[in-house]
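Subject: Structure handover

Hello,

Here is the structure for your files. My notes on it follow below.

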Amino acid sequence: MMFEFFNQSEVIKIIVTVGSMTLFFIGLFGLLTRKHIIKIFISIAMMESSLFLLFIGLTFEKNLIAPIVDKAHLDISTMNDPIPHAMILTAIVIAIAVLALGVSFAIEYYKLTGKTDIDEMKSLRH
């Protein structure tokens with residue numbers, strides 16, 4: 001039926017690709033159209049999340065098991081590759097740290113100047 005169609009590996013990869021591209025372009029739209037510095041950081045975080053979703057979604061195989069070695073699962077050929085998941089987990093931690101640092105700088109800048117518009121920030125160079 002319809003649910004069996006959506007449970008195919010190729011269809012899942014297409015859904016993940018289209019979904020992550022949609023999320024990326026929503027973030028890109030926010031990045032290009034918004035002038036508020038916090039909204040720009042949120043747009044960048046959305047774009048990063050879409051790339052994480054794409055990378056994990058394309059490397060995951062639904063017919064393989066989680067990469068946990070125990071007495072019942074000793075054959076590593078039936079397991080998903082743990083390296084992409086570890087890399088994305090590391091990238092998520094770094095992205096959150098960079099986002100927190102950027103937002104804290106934006107908050108301190110607002111406390112000092114009362115400005116959040118990036119066009120007004122550019123005028124401070126002179």
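How many aromatic pairs does the structure hold? The answer is one. Please keep in mind that this is a predicted model.

The pair is formed by F24 and F25: the ring centres are 5.7 Å apart and the planes stand at 80 degrees, so the arrangement is edge-to-face. An angle over 60 degrees is what puts a pair in that class.

Next, the surface. M2, F5, F6 and I15 make a nonpolar patch of about 410 Å². The most is given by helix α1 (residues 2-6), which supplies three residues. I15 belongs to helix α2, which covers residues 9-33. The relative accessibility of I15 is 46%, so I15 counts as partly exposed, the limits for that class being 20% and 50%.

The last item is Y110, which sits in helix α4 (residues 82-113). Its relative accessible area is 44%, and Y110 is therefore partly exposed. Which residues does Y110 contact, leaving aside neighbours within four places in sequence? They are K115 and T116. For a distance along the chain, take P82: 28 residues separate P82 from Y110, and their C-alpha atoms are 42 Å apart.

Regards

Notes: Residues numbered from 1 in each chain as written. Predicted model: local features only at pLDDT ≥ 70, side-chain atom pairs only at ≥ 80, totals over all residues. Heavy atoms only, no water. Phe/Tyr/Trp six-rings, centres within 6.5 Å; stacked < 30°, edge-to-face > 60°. Patch = residues over 30% accessible without salt bridge, like charges linked within 9 Å, V, L, I, M, F, W, Y side chains within 5 Å. Areas by Shrake-Rupley, 256 points an atom, 1.4 Å probe, with all protein chains shown as cover. Salt bridge = Lys/Arg side-chain N within 4 Å of Asp/Glu carboxyl O. Helix = DSSP H or I, 4+ residues; strand = E, 2+ residues; numbered from the N terminus. Buried < 20%, exposed > 50% of the residue type's maximum accessible area, 1.4 Å probe, protein only. Contact = heavy atoms within 4.5 Å.
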